[in-house]
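Please read the points below with the coordinates open beside them.

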Amino acid sequence: MGGDKRNRVFALTALLILGLSVTFPCCFSAANHPQTKKKSARANKFGSSAVFPLHGNVYPLGYYSVSINIGHPAKRFDLDIDTGSDLTWVQCDAPCTGCTRPREYLYKPKNNHLQCGDPLCVAFHSPASDPCKTPDDQCDYEVEYADQGSSLGVMVNDYFPLKFTNGSQLGPRLAFGCGYDQKHPGLNTPPTTGVIGLGNGKASIVSQLSRMGLTRNVVGHCLSGQGGGFLFFGDDLVPSSGVTWTPMSRNSMENHYSSGPAELVFNGKSTGIKGLDLVFDSGSSYTYFNSQAYKAVVNLVRNDLDGKPIKETSEDKSLPICWKGRKPFKSVGGAKNFFKPLALSFINAKNVQLQLSPEDYLIVSKHGNVCFGILNGTEVGLGNLNIIGDITLLDKMLIYDNENQRIGWAPANCNRLPNVDREYSEGNSQPIVANLGILEQHCPAYALYDQ
């Protein structure tokens, strides 16, 4: 969510009250922009994959964000990327309690709220918490996060401009939250304006685009260990080979990208810790194991470090466990030889492991110490759940394939945006969309227009 994400955890207790109005037109109308003439088959094709540059890092910022344009005329919003929740929301000029950005950076609603009678609003209301009295009431939402942050507001519907590589643009109308009451845990206020929810529920941006026939229901990200990276919707960028796949779990982790059960492996040997259910969450800076798995891996790491020229220090409060070398470390690369690799071996997928090299679970603090980026999830209210956070997802392409109900990963260079014209990738907040598919077959109301 939009709080201090240094200790962000996924939106386990999210309460969604939302909807998607069927009365709004789905895109920019041809009345607002002249429709382009049909020049060729290629000119009439729209893409099925949008690519967005990312900003941020695990440490010291503790979050990754994307710039999204919303509205007409478009306004730019910087949003935390969160695969652990569905609801996209922005701080709302309504007025706003707990908003952290100046008014010129807030979203101004224009009588575009959704009503309780809208199908998705009805679907997401739980009978016990339904605040609607009549179908004509506005559709309110409340989302609460496991780190005690929250957002309260009203669901609205507005244009999300997408730029295509053939020079055309599309502005589908999507539902999102206009948050007028935010609570932020911790001492630091978030520098972003909200959250883009990328979970697999009906409210997520990707699910909405998929239902419109504009993308496949696939979302992925590539988080660079050097900072930045990219986010994508659709399956154009999914490699045809070299991806390790594991099936999604469809259990109590509904609307979250969960997999497992998995076994914890240390330096190629079983730890005896099995049956770990895992949630992949880009909204969490660090990885969280339940208390049993956490204590086991900490003991293994500590025992393995015994006698090595690196000592645990209580002076560094960057993370719960840090070690000090003979001289300050400049990067994880300088400390990795002291540590052994970990792995998560998936029981329901043959020979499938998620490898955790030392770079996937360590940071170097501003004090030059190396710190353990796996935290005790039980202590922060996650119970028996295990969260795979950003630190473990660095320098990998992560693919959440809702079409085929699977999660995949592959080594990748996350410092470069793939198949994106340099003209659009630098200094442009609009997504770049690869050519695939004929848009008119899906939504005749969409308008093509030149720049």
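Predicted model: local features only at pLDDT ≥ 70, side-chain atom pairs only at ≥ 80, totals over all residues.

1. Aromatic pairs number 13 in total. One of them joins F52 and F233, whose rings lie 4.9 Å apart centre to centre with 55° between the planes, a tilted arrangement. This pair links distant parts of the chain, since F52 belongs to strand β1 (residues 45-57) and F233 to strand β12 (residues 229-233), 181 residues apart. Both F52 and F233 are buried.

2. F329 and F338 make an edge-to-face pair, because their ring centres are 6.4 Å apart and their planes stand at 70°, where an angle over 60 degrees is what the edge-to-face class requires. F329 has a relative accessibility of 12% and therefore counts as buried.

3. A single aromatic cluster is formed by F77, Y107, F160 and F176.

4. Two arginines place their charged ends over tyrosine rings: that of R101 sits over Y105, 4.7 Å from the ring centre, and that of R173 sits over Y159, 4.6 Å from the ring centre.

5. Strand β9 (residues 173-183) has 8 of its 11 residues buried, so the rest of the structure largely encloses this strand. Strand β4 (residues 89-91) runs parallel to β9 and is joined to it by 3 bridges, with Q91 having G179 of β9 as its bridge partner. Strand β6 (residues 150-159) runs antiparallel to β9, to which 10 bridges join it, and here V154 stands opposite C178 of β9.

Definitions and conventions: Residues numbered from 1 in each chain as written. Heavy atoms only, no water. Phe/Tyr/Trp six-rings, centres within 6.5 Å; stacked < 30°, edge-to-face > 60°. Helix = DSSP H or I, 4+ residues; strand = E, 2+ residues; numbered from the N terminus. Buried < 20%, exposed > 50% of the residue type's maximum accessible area, 1.4 Å probe, protein only. Lys NZ or Arg CZ within 6 Å of the ring centre and 35° of its normal. Pairing = 2+ DSSP bridges.
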